Amino acid sequence: MLIKLTGGKVYDPANGVDGEVRDIFIENGRIVSPEPTAKVDHEYALHGRVIMAGGIDPHSHIGGGKMTIARMMLPEDHIGNEVARTELTRAGVGHAVPSTMTTGYRYAEMGYTAAFEPAMLPANARQAHMEMADTSIIDKGAFVMLGSDDFFLRQLAGKADFSAIKDYIAWTMHAAQAIAVKVVNPGGISAFKFNQRKLDLNEKHTYYGVTPRDIIVTLARGLNELGVVHPLHIHGCNLGVPGGYETTLETIRGAEGLPIHLTHIQFHSYGTEGDKKFSSAAAQIAEAVNANKNVSCDVGQVMFGQTCTASGDSMRQFVNTRSADPKKWVVMDIECDAGCGVVPFKYRDKSFVNALQWAIGLELFLLVNDPWRLFLTTDHPNGGPFTWYPHLIRLLMDKNFRRDMMQKINQDALQYSTLGSLDREYSLYEIAIMTRAGPAKSLGLVDRGHLGVGAWADITVYDDNPDREAMFTTPELLFKNGELIVRNGKIVKVVNGGTHVARPNYDRGIERSLNRYFEDFHTVRMDNFRLSDDEIINGGRGSLIIQPTRARAA
Amino acid sequence: MEPEKSSNGANHYQNVACPFCGILCDDLEIGPSGSGLKVLKNGCVKSVAGFERPLTEPKPQVDGKDVSLDEAIATAARLIRESRLPAFGGLGTDVDGVRAVIALAEKGGGVVDHALSDAQYRNFRVLQSSGWVTTTLTEARNRADLFIIAGSDVHKLHPRFFERVVCNEASMFSDNPPKRTVVFLGEGLDQSAVTGKERIGEVVTLPVKAERIAEVLDAMRALNKGVTIPGGDIGGLPRAAVDDLLARCKAASYGVVVWAPPSLGFPSADLTVQAISEFVKDINLTSRFAGLALGGNEGAVSAGAVCGWQSGFPLRVSFASGKPDYDADRYAISRMLFAKETDLLLWLASFSPDLTPPDTDVPMILLGMPSVKPARTPKVYIPVGTPGVDHAGVMVRVDNVVSLPLRKLRQSNLPSAASVLEKIEAAL
């Protein structure tokens, strides 16, 4: 069937299309260029509408043990936020930590077609994928966590051959069905198990004697040489620490020019000026990001209200438990592999610290010049639930709205931020980069995040409403692989999304030492640790989308 | 994971995961024996009973009379359709079974709960009120130098826990790992699994009644904060024994308190779990310590996890209104049966005959492994296979982190619970 989307204003930055009126044709799930004589089976008249590729969230905690701990811990998050079953859709709940099917529906209703779980522990990968399989409609993928796992730390401390380290990185990506690798508080999660309470970039792990800098450089170089498209996804040392911006700057310098992605940099951009010893260092961080083309980042914008923080960073989350609201929390040491911390949190607009966090995030958005290297996230749910995105987009596109919102927050906080002096307004083209084209390019998603001929027809159609929050909250149409899924914000068809993975080459010889390691120390055998393709496909409930990697260097 | 052929041509499997308790050991070796299966290596009393149970393939029944599977499914669907508030209980199944039962409960407007929820709720209530610091099996196995077994008959529930997690000789962090201290805090706990083991240094026995364990933990927590506690005994233990236990906790490089909620079978036992958890939190202010909750047999952990991610709530959810409605007291199926608040029970038990359906005059649809023997004839009976024996599957381990793949080990015509439930849902 040939479908024609007629007369919309197309924002397709990957192909340099900036609001031109164009027709788009869809056939067999993809965007096509039909013969002029081809018969159109179904036409949508979209004159005056805005057309973009489906949204892609490159950092959103949607699946895995810590999310289900958060869900089970917080019935008060769900009560009043229940969603009834319909003939098409399943029941569900939630505000900050929605249930899985509801998560998928909300992303689709907001015009998104993919979201990536950024903190999948290898030991928890099977559950993470089962939860993502139950996340309806959208495609998903996951970044597997390395850097505090004992196998890697033993390799690093034992000065293992670099190619063996690369084999292990690649093996783990295969075993966990991942598309990228994340490091969280490099070495710090392991150090916390040895009762270290902080681990600065150049500080030695008390047992292994390696530093976070060693870990970052090893993983970043490893991924680069393995040809994995998405660079090492770094949740740095000292998250949330006043003065932590210096660690962030040092991390950029320490990368030695290797491609790196700094995630939720808002939480890593705090200075120590002023009476409260807490200030914005967004200007310094933005300057460094602007100057270093090897660096990309996402913001992790804070939004006011109740949420729940959920992180692999057990070391920092244990400190944050002092601010738990409501006062309950979970911290876990996990499987000689990783850790986690789940701490409910309420960001208050009248709080000096929270208001400044909000301002710092916005400053970063407005001061980083290149939207191809800066992605729109709230680090769902850590800065706030992803359902805030339309509001956040309006804050970026509408300076008068931003000024109005600034009136409502703690005014002292604004004195420690440059936000009031920033007039920049994002264009629709830039928003399309930050929410589609940029993440797709950074993650190496072939044929996604753009609207050129050959691309998969993941397409969002918006009313060109000057109230950008209303516009991005309720798209008129959403197509997923060419099928109409959402009409006027309501789901009209439910599909199962696929799972993006990347598969760099490795020498199977690594399995000899891994097998011995699992047998000697673990409570799971290597063969059972590894997820098979069949587990993702699960009789047709899911599917694998294997993204290419570059050739492996050595 | 293709099976290897043994010399007699029958299937021979290694690294088999065992679904018969919450620990999910996955190092079993299983081979053929006559017409059945035999646990050749790394078995225990539970796995031997489970894997070596002979295959029988009874017919589905309606009112005690053999019928076709289609007829049994059609009758089950009709009963659910006609029910005012069906209760979906037992839930002894794997992840796909839980997925299917929740989908059916949603469509049928019913309540979901697991047979062992009373025990799990001793933990869930603490998770929902104050939380904890916990660890997992591999972490404890390699790292702990002190284990405190709190009022729980761990060896009976999990026959290989001590072998695999406490008495293991190799440890990741030392070629000559230090000997471990094991404290049995409770009365009449089976210590045989640590007796005479190379890795175990000291075994300390502190016979305190299970109901009074919280007193001991609360007192240690207060003492650790510098509070003076007057008087002699604490929780029935000599004061010196409590002081000594606190000193051991503070000196440990990584202490682990182990409890199994099913063993804490006294009123308000969640407060004991909370006392343990708050003590562990406080010790973590200066040194490292963790809790490790066990139990979770009969698929209880998988049921809680899947219901948690799909509905947002850890079981005891009603879908009667179309929306998930959560009430940990109201939607306990045992209470609902007693109060006659449900008019139909669907009971699912696919691991062991121990998960017998409650003796109730509420009409029942039983999806059971063939050796489950109900007290009364169910309205509908559909025999189902055991995950990890008759069909493949996945289960979540007791620490709520690891999940393991289960394999089909024998030729069997018993359907999976998930496939039966999906057919009932389609027929609704």
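Trainee: How far apart do the C-alpha centres of domain 1 of chain B and domain 3 of chain B lie?
Mentor: They lie 32 Å apart. Keep in mind that this is a predicted model: local features need pLDDT of at least 70, side-chain atom pairs count only at pLDDT 80 or more, and totals for chains, interfaces and linings use all residues. Residues are numbered from 1 along each chain as its sequence is written, while chains are lettered from A and ligands numbered from 1 in the order in which they are written.

Trainee: Where are the domains of chain B?
Mentor: Domain 1 covers 4–51, domain 2 is 61–116 + 298–427, and domain 3 is 134–292. Those bounds come from an automatic or database domain assignment.

Trainee: How many residues of domain 1 of chain B are in contact with domain 3 of chain B?
Mentor: 7 residues of domain 1 of chain B are in contact with 6 residues of domain 3 of chain B; contact is when C-beta atoms, placed from the backbone, lie within 7 Å.

Trainee: OK, new topic. What does α4(B) pack against?
Mentor: Its buried residues pack against α1 (65–73) of chain A, and in chain B against β9, α10 (270–283), β14 (289–293) and α11 (300–311). Helices (H or I, at least four residues) and strands (E, at least two) are DSSP runs, numbered from the N terminus.

Trainee: And why call α4(B) largely enclosed?
Mentor: Because 9 of the 11 residues of this helix, residues 117–127 of chain B, are buried. Buried means 20 or more other C-beta atoms within 10 Å of a residue's own, with exposed at 12 or fewer and partly exposed in between, all C-beta atoms being placed from the backbone. Tyr121(B), Phe124(B) and Arg122(B) are among the buried ones.

Trainee: What share of chain B as a whole is buried?
Mentor: Of its 428 residues, 58% count as buried.

Trainee: Back to the two chains: how many residues are in contact between chain A and chain B?
Mentor: 49 residues of chain A touch 54 residues of chain B. On the chain A side, strand β18 (residues 329–334) gives the largest share, 6 residues.

Trainee: Which strand of chain B does β18(A) pair with?
Mentor: β18(A) pairs with β9 (residues 131–134) of chain B, in the parallel sense over 4 bridges; pairing takes at least two DSSP bridges between the strands. Trp329(A), for one, has Gly131(B) as its bridge partner in β9(B).
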